[in-house]
Amino acid sequence: MSSDRDDILAMLSAKDEIRELALLYARGVDRKDFALLRTLYTSDGIDHHGVFFRGSASDYVRFLEKSLPNIRYTGHHICNHLISVSGDEGEGEVYAVAWHVTPGAGRALVEDIQLVRYLDRYRREDGRWRFARRDVAFDVHVQRPVNDPDEAAPLRGEDLSYAVLASRLFARGARA
């Protein structure tokens, strides 16, 4: 009986760590925290973001380092997350709403809304759950002009969360 209970607790613990992994990914992208993003993938991890990017996780983070500074706002909002775990490997499907405000022509801004599903392979490496592979399915993609660029997602300095939240989990580049 205790063995069954231990197996269930191990599975629930793994699923919770994997859910946090998905949330840390959203935080890393939205806060442009590339050091954090590098800790979320296995050493041989790959990422396929549709037509936007296909390749190694390390190249994906370099791609983000070049493209995200031009984006006025990015917000990844995690919804449903189904996870299957078997030993030190797992797989899952994460529904998300990705909302961006990007530069358009001249001083115009464009609202870019994507409803996506991340189809993930997870692996425990060095005692932590990480993405071994991410494939992104783009279910809906809408772009439209922002009517008042001065009011839309103002450029900010350092994110308030770094000053207000003291836990190591919220530190830049950190993974608790």
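Modeller: Let's begin with K32, which sits in the loop between helix 1 and helix 2 (34-38); helices (H or I, at least four residues) and strands (E, at least two) are DSSP runs, numbered from the N terminus. Before going further, note that this is a predicted model, in which local features need pLDDT of at least 70, side-chain atom pairs count only at pLDDT 80 or more, and totals for chains, interfaces and linings use all residues. Residues are numbered from 1 along each chain as its sequence is written, and side-chain values use heavy atoms, with hydrogens and water left out.

Back to K32: its phi is near 55°, a positive value in a residue other than glycine. K32 is partly exposed, at a relative accessible area of 27% (buried means under 20% relative accessible area, exposed over 50%, partly exposed in between, with a 1.4 Å probe and protein chains only). D126 also has a positive phi, about 55°, although it is not a glycine. You will find D126 in the loop between strand 5 and strand 6, and with a relative accessible area of 71% it is exposed.

Now follow the chain into strand 6 (residues 128-145), where R130 has its place. R130 is buried yet has no salt bridge (a side-chain nitrogen of Lys or Arg within 4 Å of a carboxyl oxygen of Asp or Glu). The nearest side chain of opposite charge is E125, 4.1 Å away; Lys and Arg count as positive and Asp and Glu as negative, while His and the chain ends are not counted. What does the side chain of R130 reach at 3.2 Å? It is the backbone oxygen of E125. A polar atom of the R130 side chain also lies 2.5 Å from the backbone oxygen of T39. Not counting residues up to four places away in sequence, R130 touches L21, T39, L40, Y41, T42, R121, Y122, R123, E125 and R175 (contact means heavy atoms within 4.5 Å).

Elsewhere, charged side chains do pair up, and the salt bridge count comes to eleven. One of them joins E65 to R38, the closest N and O atoms being 2.9 Å apart. Since E65 lies in helix 3 and R38 in helix 2, this pair ties together parts that are 27 residues apart in sequence. Both ends are partly exposed: E65 has a relative accessible area of 30%, and R38 has 44%.

R117 and E93 form another salt bridge, with 2.9 Å between the closest N and O atoms. R117 belongs to strand 5 and E93 to strand 4, so the pair ties together parts that are 24 residues apart in sequence. E93 is partly exposed, at 21% relative accessibility.

R134 lies in strand 6 and D120 in strand 5, so here the parts tied together are 14 residues apart in sequence. Are R134 and D120 buried or exposed? R134 is buried, and so is D120. Finally, salt bridges that share partners join D44, R123 and E125 into one network. That brings us back to R130, as R123 and E125 are both among the residues it touches.

Notes. Polar contact = N/O pair within 3.5 Å; in protein donor to acceptor, adjacent residues only side chain to side chain.
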